[in-house]
Amino acid sequence: MEWFEEDYGDVSLKIRIKEVIADFRSRYQRIQLFETFSFGKMLVLDGKIQLTERDEAFYHEMLVHVPMLTHKNPEKVLIIGGGDGGSLREVLKHNPNEAILVELDRDVIDVCRKHLGIDEGAFETANVTVLVEDGMDYVISAKEKFDVVIVDGTDPNPFSQHISSAEFYEACKRISDVFATQSQSPFAQPDYFRTVLENIARVMDFRVYVNYVPSYPLGLWSYAIHAEDCPDIEELKRRFYERNIETVHYNPEIHHASFYLPEWIKKIVNEVKNRDR
Ligand code: SAM
């Protein structure tokens with residue numbers, strides 16, 4: 001019996017493996033794709049679970065539909081990272097005129113298209129452009145503006161840590177109306193969480209929202225969003241039904257509720273926001 005184990009330091013998550021579908025080193029990272037017994041296929045980069053078929057929608061739908069429905073008419077969308085195609089699939093449910101995905105590692109895109117297929121054809125869609133380059137370089141030199149910019153990146157590592165830097169967030173703010181990023185686990189990775197928020201706070205106002213993604217470190221996951229206007233629940237419902245979006249996890253009620261934070265997370269967010277005042 002073979003197990004995959006993700007080590008979070010003093011705690012770990014073990015998932016039983018049925019089959020190893022791929023296991024190789026790309027130019028940037030070790031890429032593993034497994035068939036598991038209870039989570040379906042599972043993508044792992046450098047030993048960290050990126051998604052499982054069973055709960056990837058919990059993550060991708062909250063990362064994408066919260067900012068997309070915060071914008072009243074998102075026509076032009078940028079995704080940084082997200083080479084598995086899950087975020088792109090969700091973005092296309094809003095029928096944007098144009099979506100650009102900037103992923104550093106071509107091998108992630110290739111292995112996911114070949115063996116995983118959660119993009120459900122999104123990569124082949126006519127109004128989608130896929131660029132294989134560093135997300136930082138892209139946003140720093142971008143001349144065009146986007147209605148929504150979404151960051152679907154990995155945990156900080158040597159090639160991804162700059163896409164959670166203040167310089168990166170400043171460039172994202174310059175080119176977006178609505179901006180959202182995943183911001184790690186406030187419980188299992190409190191230092192990463194705080195650092196992401198501190199860097200965002202240097203350049204823009206933000207709100208934090210949370211949901212659960214069972215295969216991510218200890219289940220609780222967080223996101224940060226910047227937007228000038230936040231629609232109320234009635235407007236969210238109107239936009240959601242008007243756009244006729246089908247989801248597994250997301251609904252406007254969860255969207256609304258996900259911004260009500262427990263006291264211990266509120267404390268961290270408030271400390272970050274009040275730090276430089
Ligand atoms: N939030 C998911 C997680 O952490 O479990 C993210 C999944 S998605 C597969 C993350 C992608 O971001 C990876 O494919 C990785 O190659 C990409 N990435 C990392 N650093 C990047 C950078 N600097 N520019 C563009 N893409 C990057």
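Colleague: Leaving aside neighbours within four places in sequence, which residues is E90 in contact with?

Modeller: Bear in mind that this is a predicted model. E90 is found in helix α2, residues 86-92. With the neighbours within four places in sequence set aside, the residues in contact with E90 are H60, E61, V64 and H65.

Colleague: Is E90 buried or exposed?

Modeller: The cut-off for buried is under 20% relative accessible area. E90 has a relative accessible area of 1%, so E90 is buried.

Colleague: And which side chain does the side chain of E90 join in a polar contact of 2.9 Å?

Modeller: A polar contact needs a pair of N or O atoms within 3.5 Å. At 2.9 Å, the partner of the E90 side chain is the side chain of K93.

Colleague: On to the ligand. How far is a nitrogen atom of the ligand from an N or O atom in the side chain of Y59?

Modeller: There are 25 residues around the ligand, and Y59 is among those that come nearest, along with Q29, Q50, E103 and G135. A polar side-chain atom of D134 lies 3.2 Å from a ligand nitrogen, and for a backbone N or O atom of L104 the value is also 3.2 Å. For the Y59 side chain, the distance to a ligand nitrogen is 2.7 Å.

Colleague: Which strand gives the most to the lining of the largest pocket?

Modeller: That pocket has a volume of about 200 Å³. Its lining divides into 2 nonpolar, 3 polar and 5 charged residues, including S176, D177 and V178. With 3 residues, the top contributor is strand β10.

Key
Residues are numbered from 1 along each chain as its sequence is written. This is a predicted model: local features need pLDDT of at least 70, side-chain atom pairs count only at pLDDT 80 or more; totals for chains, interfaces and linings use all residues. Side-chain values use heavy atoms; hydrogens and water are left out. On a 1 Å grid over the protein atoms alone, a cavity is a set of points where a 1.4 Å probe fits but cannot get out, and a pocket is an open set with protein on both sides within 12 Å along at least five of seven lines; lining residues have an atom within 4 Å of a point. Grid points are joined across faces, edges and corners, and a volume is the space filled by probe spheres set on the points. Helices (H or I, at least four residues) and strands (E, at least two) are DSSP runs, numbered from the N terminus. Ala, Val, Leu, Ile, Met, Phe, Trp, Tyr, Cys and Pro count as nonpolar, Asp, Glu, Lys and Arg as charged, and the others, Gly among them, as polar. Buried means under 20% relative accessible area, exposed over 50%, partly exposed in between (1.4 Å probe, protein chains only). A polar contact is a pair of N or O atoms within 3.5 Å; within protein, one must be able to donate a hydrogen and the other to accept it, and residues adjacent in sequence count only if both atoms are side-chain atoms. Contact means heavy atoms within 4.5 Å. A residue is near a molecule or strand if one of its heavy atoms lies within 4 Å of it.
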